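These are my notes from a first look through one structure. I wrote down each thing as I looked it up.

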Amino acid sequence: MENAAFGTLCRLGRARPPLIPALNRFSSAALPSRSYADISHRVFVTPRRVRFVESEYAVPRESLLHVLGELRRQVPRLADPVMFPVEVRVAAADDIWLSTAYGRDTAYVAIHQYSGLPYRSYFDLFESIVADVAGRPHWGKVHTLGTGRLRALYPRYDEFRRVRAEVDPEARFGNAYLTQVLGDPRLPANFP
């Protein structure tokens, strides 16, 4: 039901963007607030029938309220309204070299825009907010960071690149995205 009803509201908002603020108020009042507790694959794996573009950044947990406050303050000023709510989750620090939670307790902030609606200015704003708190992008979602910025965010970044160059010296397992975020393994690890 949620997929069908929310999808209908999103299609209406895409057809008539000035209605989006009212549609958002309606959907937040109409959709029930829920809490989940179960094995992770039962909670986090759900059908997503409403198509969207998404960006997600991991920020230090103590920065979460600042990031949400800035989004709340600045998003209403955007020329194009946003159709989706912001999602937040938290995780403990870990020691995995390229984990977004490496070395710090983390809050994940995910933003979305309905497919077909303008999203670039919203995502650029989001990236500028999380950059101020050393936000690390989700590796599989929309972001614009490259090797220079990522090296500064991950203390073991160059070590990872050295291992990658050893196990795949010809970049057989590479692609354009991996070159963007990890550079070319045929170049020295400290080369962007």
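Which residue forms a salt bridge with R156? I found E159 as the partner, with the closest N and O atoms 2.6 Å apart. I keep in mind that this is a predicted model.

**Entry: the E159 and R156 pair**

E159 is partly exposed, at 28% relative accessibility. R156 is also given as partly exposed, with a relative accessible area of 26%.

**Entry: other salt bridges**

I noted a count of 8 salt bridges. One of them is formed by the side chains of R89 and E56, at 2.8 Å from N to O.

Is E56 buried or exposed? I have E56 down as buried, with a relative accessible area of 5%.

I then turned to E170 and R172, whose side chains meet in a salt bridge at 2.7 Å, N to O. E170 has a relative accessible area of 48% and is partly exposed. R172 has 64% relative accessibility and counts as exposed. The cut-off for exposed is over 50%, so E170 at 48% stays in the partly exposed class.

**Entry: strand β1**

How many of the 9 residues of β1 are buried? I read 7, and the strand is mostly covered.

Next I looked up the pairing of β1. With strand β3, residues 106-114, β1 pairs in the antiparallel sense over 9 bridges. Within β3, Q113 is the residue that stands opposite V53. I also found strand β4, residues 136-137, running antiparallel to β1 and joined to it by 2 bridges. The bridge partner of Y57 in β4 is P137.

I checked R49, which sits in the loop between α3 (40-44) and β1. R49 is exposed, with a relative accessible area of 60%. R49 and A4 are 45 residues apart in sequence, and their C-alpha atoms are 7.8 Å apart in space.

**Entry: helices α4 and α5**

Two packed helices are described by the angle between their axes and the distance between the axes. At what angle do α4 and α5 pack? I noted about 145 degrees for helix α4, residues 64-74, and helix α5, residues 120-131, with the axes 10 Å apart. The crossing of α4 past α5 is right-handed.

I wrote out the residues that make the contact. On the α4 side they are V67, E70, L71 and Q74. On the α5 side they are Y122, L125, F126, I129 and V130. Sorted by class, this contact has 7 nonpolar residues, 1 polar and 1 charged.

Notes. Residues are numbered from 1 along each chain as its sequence is written. This is a predicted model: local features need pLDDT of at least 70, side-chain atom pairs count only at pLDDT 80 or more; totals for chains, interfaces and linings use all residues. Side-chain values use heavy atoms; hydrogens and water are left out. Axes are lines fitted to C-alpha atoms, for helices over the stretch in contact, and angles run from 0 to 180 degrees between N-to-C directions. Helices (H or I, at least four residues) and strands (E, at least two) are DSSP runs, numbered from the N terminus. A crossing is left-handed if the near helix is turned anticlockwise from the far one by less than a right angle, and right-handed if clockwise. Contact means heavy atoms within 4.5 Å. Ala, Val, Leu, Ile, Met, Phe, Trp, Tyr, Cys and Pro count as nonpolar, Asp, Glu, Lys and Arg as charged, and the others, Gly among them, as polar. A salt bridge is a side-chain nitrogen of Lys or Arg within 4 Å of a carboxyl oxygen of Asp or Glu. Buried means under 20% relative accessible area, exposed over 50%, partly exposed in between (1.4 Å probe, protein chains only). Two strands pair if DSSP finds at least two bridges between them.
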